[in-house]
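Let's take a friendly walk through this model together. We will begin with backbone details and then turn to contacts between the chains.

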Amino acid sequence: MIIRAMKDDTGGQILLAVLLAAVLLVPILSLAVPDSSPLHLSTYTVTLLGKYLCYALLAVAVDLVWGYLGILSLGHGAFFALGGYAMGMYLMRQIGDRGVYGDPVLPDFMVFLDWKELPWFWQGFDMFWFAALMALLAPGVLAYLFGYLAFRSRVTGVYLSIITQALTYALMLAFFRNEMGFGGNNGLTDFKDLLGFDLQSDATRAGLFVASALALGLGYLACRIIVTSRLGRVTVAIRDAESRTRFIGYRVEQIKAAIFTFSAMLAGLAGALYVPQVGIINPSEFSPINSIEIVIWVAVGGRATLYGAAVGALMVNYGKSLFTAVFPDAWLFALGGLFVLVTLLLPRGLTGLLRQRSAG
Amino acid sequence: MRISSLIRQVVLGSGLALSLGITVPGHAADDTIKVGVLHSLSGTMAISETTLKDTVLMLVEEQNKKGGLLGKELEAVVVDPASNWPLFAEKARELLEKDKVAAVFGCWTSVSRKSVLPVFEELNGLLFYPVQYEGEESSKNVFYTGAAPNQQAIPAVDYLMDQGVERWVLAGTDYVYPRTTNKILEAYLKQKGVADEDILINYTPFGHSDWQSIVSDIKKFGSAGKKTAVVSTINGDANVPFYKELGNQGISAENIPVVAFSVGEEELSGIDTKPLVGHLAAWNYFMSVDTPENATFIEAWHAFTKDSKRVTNDPMEAHLIGFNLWAKAVEKAGTTDTDAVEQAIIGLETPNLTGGMAKMLPNHHITKPVLIGEIQEDGQFAVVWETEETVPGDAWSDYLPGSKDLKADWTAPIKCGNYNTKTETCLGSEGM
Amino acid sequence: MSSSRHGTRGNAPILAKLLLFLTCLTLTTGLSAETLEATLAQLAERSFKVKLEAVESIATSEDGRALSILEALAAGELYTWKGVPRVVIGRKSGRTMHLLDPLTGQALGEGRAKKIILNNAMRVALRGAIAARTLSSPDPAARLGAAREMLGDTSPAATKALATQLEREQDAEVRAAITLALAIARLGAQEADTRLAAVTALEASLYPEARNALLPLAEADPDPAVKAAATKTLEDIDQLLAWNARAETLFFGLSLGSVLVLAAIGLAITFGVMGVINMAHGELIMLGAYTTYLVQSALPGWIDYSLVLAIPAAFIVSGLFGIAIERTVIRFLYGRPLETLLATFGISLILQQLVRTFISAQNVVVQNPSWMSGSWQINPALALTYNRLYILIFALLVFAALLVILRRTALGLEVRAVSQNRAMARAMGVRSERVDALTFGLGAGIAGVAGVALSQLTNVGPNMGQAYIIDSFMVVVFGGVGNLWGTLVGGMTLGIANKVMEPWAGAVLAKILVLIFIILFIQKRPRGLFPQRGRAAEG
């Protein structure tokens, strides 16, 4: 099945090969190679790469629904953030009595808000398996409910895009509220350790990098399997002619809801891996602008190729890291210009250019 | 066709170059001391933070004119965290790990500080944080040169009580600084005998722009026959529409004065201040303060920005104090090594701009005078009240149940940011 | 004129007592010209306490010149002459300061002087003192102001002054105001009959002072008849207040709605009619606001008129930017609507940074002309702020103008033709390229005009566009893409819904509820409030 999925997918093969190489090399270069060596990878680079990989997985999830199902989701940041919050809640519980107020159960911000006991929705997050499950389930259930309702009512096109945006916007405002019990504007931060491993140690960081790379690789494979399967052909049919597919007898809304849910869960997974690497999760992750940016990564990389989405996410974010340091005062010109040029000159994204060259 | 294929080549080529560039480490020149500047230059916080970036650049330039530090030239490294909180952590790591800066001047919002805090603690860097904040924190690696709640909020409320205010509206943006300040104030007011029904607390989101209903509520609350005042912890951006609405709905400072903790000269420079004359602000510095130090500073600022209309404000003074204390500490320690500077800086003093001295305390906060100013027609504040002596910053509030037994002391033998004086133990963030 | 007449606000009873005490003192001694001069010198002191005392003693002075001094002080015209320790009146003309003697009005030449700074307590005292002195002024408007100012002042001195003035007062409006003030004062009378009459006089009064004064009577008046009457009057007042509050909420909602409509209506053209997902829409609004700023800076003495000038200027600037964007980028992207999102997002970043680089990263000051400040006081409990009122009217005018352009002009016809069937329109000889550019320019220009209006309400800074872009899309989609009426009704509905919910839900929760409402509404009507019909609606 995997072989069939990856056949005729040169870009994907290269992506997986690079990921495999990274999984093997990065821990060695970061942990075993001495600091003085030019080959040494600094913690900064490792966490940065790990963060990019999470973004790449998120972009792949968006490409699955946008490229193959025709749903332009402007709210995938919400699923990413929900996954992140699930992980963040676990990490908060792991702090235990090492918080600044030394309360054995309550996170610092609850002590500060004068809460006496843990709210019900925080129960269970002291167990990793539960948090991991919630990181997938919370976005999954939300996406299913939302998708099922919207697809059943045949909300399509820009209407669908805008209500996904309304979704993430509403969640952002909700999570900003201190009364919600998710730390308000500050969100969740000051994490100490994950499964007993110190989050500040280089080994944990390398481990998280490997986990992100594996997640991206497996996520990519799963998406590939879906799009090359019979189901995948139906999704493309829905994308190109929804009514016709429905008349043939497919239950369009079920298929759409299922793919949408799967994509949201991938986004949640990306978020869960992202949070321990950047050390903070807060409501600005729900910001509608973030979700628009994700779509832009996909477009820059090349829509409906999956690997293009990953490449786009890596490139744009690398560009952002670089530009904000090199031209702090003018980097938006560079980034904005890049978006305009890519749209005008490379309608199939950066990877489209490569495909074109290899074909020609 | 040829041109477009050329452009494609360029885009492709630069893309590849970028992807390779990632592992090239920055090479630090040994003959300079690097100073990191971590302020948002784009995004929502840019309106406030770009001024602080310019301030640090000016301070670095002036220090270099005086011969630098330890015989070396200072070099400012500016990055843009773009008002994006995770990016703050990334950029902090970049400054400390890649650029190996000796100290970082930066952050504005509490969440940005919280975001970079673990990075500074892990990599043992130094952060000078120049903005008034909620307290409840003291890190070995952070110096808080802005006001703690006891250096701003409580004296302001005392002043208003003295002016006969009996009814209070505590209005703030919904985030941790207003929440803490209002909690402290609520406890303080109740302790002073203010009844529950005489306190109205209201929170609004960031950048709130439609204040019609809230201002109308304040007006109704204030017409109950008792002298009413509004204590505003409304954050930067939202203030302009708030004050415009106040002015238009006819709430004058004589009826219901508003005392703000986040409105300074910079924020007022976006508003027509005529209807706002008499509303108050509590700070530790005003541009209008008449001292020779302040006149020199303003002159230098105007020369640096080449704009004689640019205003100065409280966080700028905080950066000036922080920078001077750091420079003194580096000279005293003879090195820029974090641990040495951290110990050397405690107890050092430098003149502030209001005619007193700012001293770095063992809890990493500084001493500050508290000034209360009334808004004038020209957008400046006239000082109507000030503390006779400087007030030492208190990291842990005495009015919050969780923190009243805590204290911070980074000198031997305690060396702890949250030391419980009852159990005599250090919780959580010990000196590493 | 008796010196015992002075007014202070009811909310400063201590001050009233203090003044009364001072009055008793000065009645016997009187302030001679020399002491007035000495008191004047006190105003130059640094301590606000000393200055307040000086104001109070001038207030109680029998000297006829006291009023002009108080007025000069209140107007911020009193200065201390630098070098000469003396209080003077200063009049600035250009860079020079002309000094006058405050007691004689004699010119003292030019000089450098430092303004005497007031604090709130002094301003309150000044206002009261001036009111008490102007109650017998020949100007009816001044008397009216003074009577209003003395509302709620129940000191015997004030009551006496009011009663004296009532006897000789001719002006009906002033009489009413004085009667009201007297009624409030007489609520505290010893005799039950007087109180009862006062309660009756306060029927349906919406002044908060009246309501506050009635409260203790309704709660615990020894006389049952008075108590019952007070309770009944209070109930009536509360009912009236509730109606006023409803009217106010409606106005707030319409005002918020008009802001939403203004912000969204340009998008209704670029996105609704042309199908361009124009993420740079917010920045086009921002450009309009900056144009206002630039026009105001260019015409510093013309604040009252420059705003009107800024409207066409902003239309042209944003419109030209729009045409440039259309000609250089968007025209290559027709038929690929999702890619317009990518490109226009890039453009929005560039425009933001452009403003940051070439103007300033800080917010800029856009002044309110005098006719946009203040409020229209319909009754004591209901006032509509002028800026919001004008913006509401302006939004409706813009909407009407746009409707006329699209329905009644040749351009409008062509725009509709191209948006409905491009190929057919071209076949009929419509120059679709020109129409595209003009349509986009029109939408962008309208966004610029919205920026002029928004500059009067909120911050003008590089990020201001970001604050409106999400809401604008919500409004257009909620109303139905491609339908101008939908945008109007949609924006107003969302505005009112938001404001109706705000009092009990709070600002944040109200907004969240509105968003959830939009999501659910789209399930019910997947094409918005006013769905577009026909083939163009598909796809």
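K415(B) lies in the loop that runs between β17 and β18 of chain B. This is a predicted model, and in it K415(B) has a positive phi of about 50° although it is not a glycine. A cis peptide bond, with omega about 5°, joins A412(B) to P413(B). For context, most residues other than glycine have a negative phi, and most peptide bonds are trans.

K100(B) is another non-glycine residue with a positive phi, near 50°. K100(B) sits in the loop between α3 (85-98) and β3 (103-106) of chain B, and its relative accessibility of 55% makes it exposed.

Helix α12 of chain B (residues 338-345) deserves a look of its own. T338(B), V341(B), E342(B), A344(B) and I345(B) are its buried residues. What do the buried residues of α12(B) pack against? Their partners are β4 (127-129), β5 (142-144) and α11 of chain B.

**Between the chains**

The size of an interface is often given as the accessible area lost when the parts come together. Chain A and chain B bury about 4,500 Å² between them, with 60% of it on carbon and sulfur atoms. Each side of this contact is made by 50 residues, 50 from chain A and 50 from chain B. The rule finds 3 salt bridges across the interface of chain A and chain B. Chain A also meets chain C: 43 residues of chain A are in contact with 42 residues of chain C. The area buried there is about 3,700 Å², of which carbon and sulfur atoms give 80%. How many salt bridges cross the interface of chain A and chain C? The rule finds 0.

**Charged pairs**

Side chains of opposite charge can pair when their charged atoms come close. Over all chains, the count comes to 45 salt bridges. The table shows some of them.

| Pair | N to O distance |
|---|---|
| K51(A) and E90(B) | 2.2 Å |
| E122(B) and R205(A) | 2.8 Å |
| R179(B) and D174(B) | 2.9 Å |
| D54(B) and R310(B) | 3.6 Å |

The side chains of E122(B) and R205(A) meet in a salt bridge. E122(B) lies in helix α4 (residues 110-123) of chain B and R205(A) in helix α8 (residues 202-228) of chain A, so the pair joins two chains. R205(A) is buried, with a relative accessible area of 9%.

The side chains of D54(B) and R310(B) also meet in a salt bridge. D54(B) belongs to helix α2 (residues 46-65) of chain B, while R310(B) is in the loop between α10 (292-305) and α11 (314-333) of chain B, so the pair ties together parts that are 256 residues apart in sequence. Both D54(B) and R310(B) are buried. In the pair of R179(B) and D174(B), R179(B) is buried at 11% relative accessible area, and D174(B) counts as buried at 6%. A network of salt bridges links D210(B), E245(B), R388(C), K499(C) and E502(C).

**Chain A: inside and surface**

F191(A) is in the loop between β1 (188-189) and β2 (193-194) of chain A. Is F191(A) buried or exposed? F191(A) is buried, with a relative accessible area of 7%. Leaving aside residues up to four places away in sequence, F191(A) touches several residues, including G88(A), L91(A), M92(A), V275(A) and I281(A).

F191(A) and L145(A) are 46 residues apart in sequence, and their C-alpha atoms are 32 Å apart in space. L145(A) is part of a nonpolar surface patch with M127(A), W129(A), L133(A), L137(A) and V141(A), and together they have about 570 Å² of accessible area. M127(A) is in the loop between α5 (108-112) and α6 (128-152) of chain A, and is partly exposed at 35% relative accessible area.

Finally, helix α13 of chain A (residues 307-326) is mostly covered, with 14 of its 20 residues buried. At 1.5 Å a residue, its 20 residues should span 28 Å, and the end C-alpha atoms are 28 Å apart, which agrees.

Note on methods: Residues are numbered from 1 along each chain as its sequence is written. Chains are lettered from A and ligands numbered from 1 in the order in which they are written. This is a predicted model: local features need pLDDT of at least 70, side-chain atom pairs count only at pLDDT 80 or more; totals for chains, interfaces and linings use all residues. Side-chain values use heavy atoms; hydrogens and water are left out. Helices (H or I, at least four residues) and strands (E, at least two) are DSSP runs, numbered from the N terminus. The expected span of a helix is 1.5 Å times one less than its number of residues. Buried means under 20% relative accessible area, exposed over 50%, partly exposed in between (1.4 Å probe, protein chains only). Patches are made of residues with over 30% relative accessible area and no salt bridge: like charges are joined within 9 Å, nonpolar side chains (Val, Leu, Ile, Met, Phe, Trp, Tyr) within 5 Å. Accessible areas come from the Shrake-Rupley method with a 1.4 Å probe; for residues, only the protein chains shown count as cover. A salt bridge is a side-chain nitrogen of Lys or Arg within 4 Å of a carboxyl oxygen of Asp or Glu. Contact means heavy atoms within 4.5 Å. Buried area is the accessible area (1.4 Å probe) that two parts lose on being put together, summed over both.
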